[in-house]
Amino acid sequence: MEFKLEAHRIVSISLGKIYSARGQRGGLKLHKNLLVSLVLRSARQVYLSEPGCPPEPPPAASGRGGPRLPGADCEGPRPRRCCCGCSCCCAAAGGEANRADCAAAAEAAAPPPPHCPRKRSAGERGQAGSPVKKPRREVEEEPPPGEQEDMETGNVASLISIFGSSFSGLLSKEPKGRRRAPLDGGEATVATTPTDAAAEPGQICCDEPVLRTLNPWSTAIVAF
Amino acid sequence: MEEDVETRKISSSFLRDHSYATEADIISTVEFNHTGELLATGDKGGRVVIFQREQESKNQPHRRGEYNVYSTFQSHEPEFDYLKSLEIEEKINKIRWLPQQNAAYFLLSTNDKTVKLWKDEDGEWRMGSRCLRAPTMVEPVSPLCRVLVRVRWGSGTCPWVLTLCLSSQVPVLRPMDLMVEATPRRVFANAHTYHINSISVNSDYETYMSADDLRINLWNFEITNQSFNIVDIKPANMEELTEVITAAEFHPHHCNTFVYSSSKGTIRLCDMRTSALCDRHAKFFEEPEDPSNRSFFSEIISSISDVKFSHSGRYIMTRDYLTVKVWDLNMENRPIETYQVHDYLRSKLCSLYENDCIFDKFECVWNGSDSVIMTGSYNNFFRMFDRNTKRDVTLEASRENSKPRAILKPRKVCVGGKRRKDEISVDSLDFSKKILHTAWHPAENIIAVAATNNLYIFQDKVN
């Protein structure tokens, strides 16, 4: 579990960096924010990945927990998430069947990470066809403090849904008109409480369900 | 930035009221000219300070070839882009010299958005160096320090000895007092949407290029109202952006060839003869990633922060966060040499990510004969690697450790286990003291090392 905590921490730090980058003198640094978004993506994938699945990449940076080798065992009494996103099968089943499913999913997911979150149950496929978008937007997250980590990975959203504002508005500060159309499954609906987010800029919480279903705060986001 | 105590005591009494005082003095680029006679530094406050090498004189042989402040001028001012509501920093990102023409010196300086060409003619730029020889101390802003060092890389048959000579500390001059009213000869503006990271003068001395995160433009020195876009990696859909340009340089001899590095750790060599828009590279240099080193931060540490052609034009050197690599232009699949600069930081990447140090952009330089390469590190350390003997040394640019005539010891970082007496442990390293910018004289063993707001010039003393 340590690697998930590490990943969670890295996600928090990364979001903090993206947020604070807006106030930087000289404007947003494209290079730095791109790198931060890549780290964010990696950490998020690890964070949301099935415990039994080999996290990609392994959190070698932390030095704790050790790298998870491919084929790490899927054993464990804890409820598991299959990368395939079959939340029902994971939650309901247990024991051997689950392990087998998980192993199969792990093998299938072992190749590049971009595909791992792609595996979702049919009903939740918002944009299976589109490539994983790199997160370069800023995000204000709703801070529901103390919320228990939810292991539901049924709907692993792409980063477009999480970071709603468009990157193509690089020359303009106004991202409003560039928000992506809502995807199937309602992954990227209009910002619900932008004022809340603007009011609590310091709080950045990266709970799993929030990560997945995060809505963009159009007023708080500055496009690159 | 932390300065040593001595400097702090002196400068505090002369501090300007402006809160940027210390920050503005942080040196952001260092560059020798083609003969090594002049050394230019740019800082975060948009100033350029030029040092000139003293002519050798028989009267004072011990002052052979020392560098003294020659002149200084304000190159860039902070600007505000009203359309984007963005402030444009005045920090000088790069300075590049042109070869001397007649009696005039030319240099290019750039901030994030605008490149300027400066010309020094008699009376226009130079301050009149005589008065600088014995000035009274006004305000130490850029102290000069020359240190005697004798570094032996081993008692083997081919020791590489670097000796430097220390003289009494040169009285330091406040650049503001020496400020000249300088006007740029040319201003090349409004060509870059993103932040300029590199400029490079072509070997034809008629053109130069400027590179930002996504585009590279080619300029003619005589034409300021247009430039040619020669590389454009901006995707049609910015959401698909995966890499940016981090550095670019022209080949030293072939005026049609240049390279640019990316944030993904790749280098592309382009030939301008093939097409007007060099989106398709002629060569692509990339080393396959080592899967055992994979971490959350693999992508960041593989981002190349500097790329430099060797003087011969046969090799390119790249710097990423932990290593320096030398590539042969004829071999694209891997570098021919890899040098670990500070591999002990590999286990600390998460902390370095937190404090933003992982984004530091270190530069690297070749010596004149391409036999030694140098780059900076933390704790005011800088490293030299001898490509022939495979020896390396870690030195420190610090006045505390540089008494007159003292022998500067090579430093060593203790990575674990028992720390020996003179070693410093990784956890004791000061990450606010970073050496990002260094320069090597084109012909001699003279190096300039910028340590935050201090400039160190090390010269070897021929016995």
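The model is predicted, with an ipTM of 0.82 and a pTM of 0.70. In chain A we look at helices α1 and α2, whose axes come within 8 Å. In chain B we look at two open sheets, one built from β14-β15-β16-β17 and one from β26-β27-β28-β29.

**The helix pair in chain A**

- Two packed helices are described by the angle between their axes and the distance between the axes.
- Helix α1 covers residues 2-21 of chain A and helix α2 covers residues 30-48 of chain A; their axes cross at roughly 150°.
- That angle makes α1(A) roughly antiparallel to α2(A).
- The crossing of α1(A) past α2(A) is left-handed.
- On the α1(A) side, the residues making the contact include A:F3, A:A7, A:I10, A:V11, A:S14, A:L15 and A:I18.
- On the α2(A) side, the contact residues include A:N33, A:V36, A:V39, A:L40, A:A43, A:R44 and A:Y47.
- Sorted by kind, the residues of this contact are 14 nonpolar, three polar and three charged.

**The sheet β14 to β17 in chain B**

- Strands of a sheet pair through backbone hydrogen bonds, either parallel or antiparallel.
- This open sheet has four strands in the order β14-β15-β16-β17, and its pairing is antiparallel.
- Strands β14 (198-201) and β17 (228-232) of chain B stand at the edges with a single partner strand each, so one side of each has no neighbour in the sheet.
- On average, neighbouring strands here are turned by 20° against each other, direction ignored.
- Strand β15 (residues 207-211) and strand β16 (residues 215-220) of chain B run antiparallel and are joined by five bridges.
- To find one of these pairings in the structure, look for B:T207, whose bridge partner in β16(B) is B:N220.

**The sheet β26 to β29 in chain B**

- Four strands in the order β26-β27-β28-β29 form this open sheet, with antiparallel pairing.
- Its edges are β26 (364-366) and β29 (392-396) of chain B; each has a single partner strand, so one side of each is left without a neighbour in the sheet.
- Neighbouring strands of this sheet are turned by 20° against each other on average, direction ignored.
- Strand β27 (residues 372-376) and strand β28 (residues 381-386) of chain B pair in the antiparallel sense over five bridges.
- A handy place to start looking is B:V372, which stands opposite B:D386 in β28(B).

**How confident is the prediction?**

- Chain B has a mean pLDDT of 81, and 78% of its residues reach 70 or more.
- Residues 1-21 of chain B have pLDDT below 50, and this stretch has 29 contacts in the model beyond near neighbours in sequence.
- Residues 123-177 of chain B also stay under 50 in pLDDT, with 150 contacts beyond four places in sequence.
- Chain A has a mean pLDDT of 50, and 22% of its residues reach 70 or more.
- In chain A, residues 53-206 have pLDDT below 50, and the model gives this stretch 314 contacts beyond near neighbours in sequence.
- Residues 210-224 of chain A are also below 50, with 79 contacts beyond near neighbours in sequence.

Technical notes: Residues are numbered from 1 along each chain as its sequence is written. Chains are lettered from A and ligands numbered from 1 in the order in which they are written. This is a predicted model: local features need pLDDT of at least 70, side-chain atom pairs count only at pLDDT 80 or more; totals for chains, interfaces and linings use all residues. Side-chain values use heavy atoms; hydrogens and water are left out. Axes are lines fitted to C-alpha atoms, for helices over the stretch in contact, and angles run from 0 to 180 degrees between N-to-C directions. Angles under 35 degrees count as roughly parallel, over 145 as roughly antiparallel, 65 to 115 as roughly perpendicular and the rest as oblique. A crossing is left-handed if the near helix is turned anticlockwise from the far one by less than a right angle, and right-handed if clockwise. Contact means heavy atoms within 4.5 Å. Ala, Val, Leu, Ile, Met, Phe, Trp, Tyr, Cys and Pro count as nonpolar, Asp, Glu, Lys and Arg as charged, and the others, Gly among them, as polar. Two strands pair if DSSP finds at least two bridges between them. pLDDT is the predictor's confidence in each residue, from 0 to 100.
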